[in-house]
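Please look over the sequence and the model below before reading on.

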Amino acid sequence: GFTPRDKIMVVAATNRLDTLDEALLRPGRLSRHIPIERPDEKGRYEILKVHSKSKPMADDVDLKKLAKITAGSSGADLADMTNEAAMLAARQNHSVISMDDLEEGHLRALLGPKKKNSNISAEDKEAIAFHEAGHILCTELSITHEKTQRASIEARTSGVGGFAMTGSEDRALHSTRYFHESLVICLGGRAAEKVAIGEISSGAAND
């Protein structure tokens, strides 16, 4: 209306900009947009310092290493990781949170906890091992990608039967070769099953 509103500023935040009414985004309303991207390595390190400040950390905890291996994580993901680690330490009656607790907390935040009662046959375990080995081999042979940091054939509650976790760098640009090698790594598990076993299992469906 005609009522003066010179001293009022409206600030809003959303993670679903696509759902906002266009009327809100007209000039003179919420016209200044400030995108908040996922944090880079330095940002993740600072966020981890905040979330670890109120928790008892062991001397072996390396927040800089954690910041490096958690590329792509949001602040909420990092908070989830430290909370999972704290619960793990508490369940084991530890007085401090170790680096192992934090690395497992990271996996829990991404893939869920390990399945306690996982009835996987020896034959299936072998197929999973070949599958993950295929991913790892392709990663090791790729020039543009960081190498594998962790791998496991232990089932987790997210439905993952195994995983091979590669390193990741914060990059602004990617080359054609990078994308090509990414495809090779993704399909490496399927290829390994085909070579080693002679057929591809349903475990490669998401690949």
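A residue is called buried when its relative accessible area is under 20%, exposed when that area is over 50%, and partly exposed in between, with a 1.4 Å probe and protein chains only as cover. The model is predicted, so local features need pLDDT of at least 70 and side-chain atom pairs count only at pLDDT 80 or more, whereas totals for chains, interfaces and linings use all residues. Residues are numbered from 1 along each chain as its sequence is written, and side-chain values use heavy atoms, with hydrogens and water left out.

Side chains of opposite charge can pair when their charged atoms come close. Here a salt bridge is a side-chain nitrogen of Lys or Arg within 4 Å of a carboxyl oxygen of Asp or Glu, and by this rule the count comes to seven.

One of the salt bridges joins Glu84 and Arg108, whose closest N and O atoms are 3.9 Å apart. Because Glu84 lies in helix α3 and Arg108 in helix α4 (residues 99-111), this pair ties together parts that are 24 residues apart in sequence. Both Glu84 and Arg108 are buried, and together with Glu104 they are linked in a network of salt bridges. Helix α4 also holds Asp101, which at 5% relative accessibility counts as buried.

Another salt bridge is formed by the side chains of Arg38 and Asp77, at 3.5 Å from N to O. This pair links distant parts of the chain, with Arg38 in the segment before α1 (41-53) and Asp77 in helix α3 (residues 75-91), 39 residues apart. Arg38 is exposed, having a relative accessible area of 52%, while Asp77, at 34%, is partly exposed. A further salt bridge connects Arg16 with Asp18, where the closest N and O atoms are 2.8 Å apart; Arg16 is partly exposed at 44% relative accessible area, and Asp18 counts as exposed at 60%.

In the loop between α3 and α4 lies Asn93. Most residues other than glycine have a negative phi, yet the phi of Asn93 is positive, near 60°. Asn93 is exposed, with a relative accessible area of 71%.

Turning to the strands, β1 (residues 148-152) and β2 pair in the antiparallel sense over four bridges, where pairing requires that DSSP finds at least two bridges between two strands. Within this pair, Ser152 stands opposite Phe163 in β2. In a regular strand the side chains alternate between the two faces of the sheet.

Which residues form a negative surface patch? The patch is made up of Glu123, Asp124, Glu126 and Glu199. Patch residues have over 30% relative accessible area and no salt bridge, and like charges are joined within 9 Å. Among these four residues, Asp124 is found in helix α5 (residues 122-141), and Asp124 is partly exposed, with a relative accessible area of 41%.

Key: Patch = residues over 30% accessible without salt bridge, like charges linked within 9 Å, V, L, I, M, F, W, Y side chains within 5 Å. Areas by Shrake-Rupley, 256 points an atom, 1.4 Å probe, with all protein chains shown as cover. Lys, Arg positive; Asp, Glu negative; His and termini not counted. Charge placed at Lys NZ, Arg CZ, Asp CG, Glu CD. Helix = DSSP H or I, 4+ residues; strand = E, 2+ residues; numbered from the N terminus.
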